[in-house]
Amino acid sequence: MKKIILASASPRRFDMLKEYGLDIDIISADINETIREYERPEQIAMSLAFEKAYSVALDREDELVLGADTIVVLGDKILGKPKDEEDAFETLMSLSGEEHSVITGISLIRGQTKIIDYETTRVKFRQLNREQILKYIDTKEPMDKAGAYGIQGYGKILVEWINGSYSNVVGLPLVKTDFLLTRFFDMKIL
């Protein structure tokens with residue numbers, strides 16, 4: 001069986017990988033998720049993914065460690081996880097009727113091999129009113145997600161269209177991850 005250490009506490013990433021029969025150990029990376037204003041969003045996502053993977057890989061040189069970090073970008077603003085319901089409301093209102101980018105940084109480390117890449121998906125929200133946003137916030141789904149929504153849950157009704165990888169919006173671009181595993185580690189998800 002193929003084994004991966006997932007340097008993430010994300011249940012969505014775990015579920016996506018587990019679906020393919022991978023043996024997964026979760027070791028949550030304890031890093032300071034610092035966003036440097038001078039970096040492009042892609043650099044930020046890749047840097048955070050690498051920091052997660054590297055912090056876990058330090059003690060596991062022979063094991064394959066996967067780190068990932070997903071950010072949501074509207075214009076030039078990064079929309080993180082909401083601090084509270086008011087923040088979730090403001091975030092969702094700003095996304096209403098707008099296009100934004102979902103960027104996931106991916107880092108794979110085993111021994112001296114370190115791979116860092118990213119995937120970008122464009123997402124367009126439908127026009128939302130106050131009542132729809134409040135009803136969505138009542139589900140509690142937005143509270144632990146970048147951009148305050150989860151496309152795999154109730155949040156799918158907020159999205160008018162996507163251009164790119166659906167699994168990237170959920171939190172891990174599976175096709176890109178499979179490509180990197182195949183090319184650099186002689187391993188495949190499927």
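This is a predicted model: local features need pLDDT of at least 70, side-chain atom pairs count only at pLDDT 80 or more; totals for chains, interfaces and linings use all residues.
1. Start with S101, which sits in strand β5, the stretch covering residues 99-110. Its relative accessible area comes out at 11%, so S101 is buried, given that the cut-off for buried is under 20%. Leaving aside residues up to four places away in sequence, S101 touches I71, V72 and V73, along with T120, T121 and R122.

2. **The S101–R122 pair.** One of those neighbours deserves a second look. The side chains of S101 and R122 make a polar contact at 2.7 Å. If you're clicking through the model, that pair joins a buried serine to a residue that is also on the contact list of S101.

3. **How α3 and α4 pack.** What angle do helix α3 and helix α4 make when they pack? It is about 135 degrees, and the axes are 10 Å apart. That makes α3 oblique to α4, since over 145 degrees would be needed for roughly antiparallel. The crossing of α3 past α4 is right-handed. For orientation, α3 covers residues 85-95 and α4 covers residues 130-138.

4. On the α3 side you'll find E85, A88, F89, L92 and M93. They meet R130, I133, L134, Y136 and I137 of α4. Sorted by class, this contact has eight nonpolar residues and two charged ones, with no polar residues.

5. K140 belongs to the loop between α4 and β7, the latter being residues 159-163. Is K140 buried, exposed or something in between? Its relative accessible area is 48%, so K140 counts as partly exposed, with the cut-off for exposed set at over 50%. The side chain of K140 makes a polar contact with the side chain of E85, at 2.6 Å. These two residues are 55 apart along the chain, and their C-alpha atoms are separated by 8.7 Å. Note that E85 also turns up among the α3 residues that meet α4.

6. **G75 in its loop.** Last one: G75 lies in the loop between β3 (65-74) and β4 (77-79). With a relative accessibility of 70%, G75 counts as exposed.

Terms used: Residues are numbered from 1 along each chain as its sequence is written. Side-chain values use heavy atoms; hydrogens and water are left out. Helices (H or I, at least four residues) and strands (E, at least two) are DSSP runs, numbered from the N terminus. Buried means under 20% relative accessible area, exposed over 50%, partly exposed in between (1.4 Å probe, protein chains only). A polar contact is a pair of N or O atoms within 3.5 Å; within protein, one must be able to donate a hydrogen and the other to accept it, and residues adjacent in sequence count only if both atoms are side-chain atoms. Contact means heavy atoms within 4.5 Å. Axes are lines fitted to C-alpha atoms, for helices over the stretch in contact, and angles run from 0 to 180 degrees between N-to-C directions. Angles under 35 degrees count as roughly parallel, over 145 as roughly antiparallel, 65 to 115 as roughly perpendicular and the rest as oblique. A crossing is left-handed if the near helix is turned anticlockwise from the far one by less than a right angle, and right-handed if clockwise. Ala, Val, Leu, Ile, Met, Phe, Trp, Tyr, Cys and Pro count as nonpolar, Asp, Glu, Lys and Arg as charged, and the others, Gly among them, as polar.
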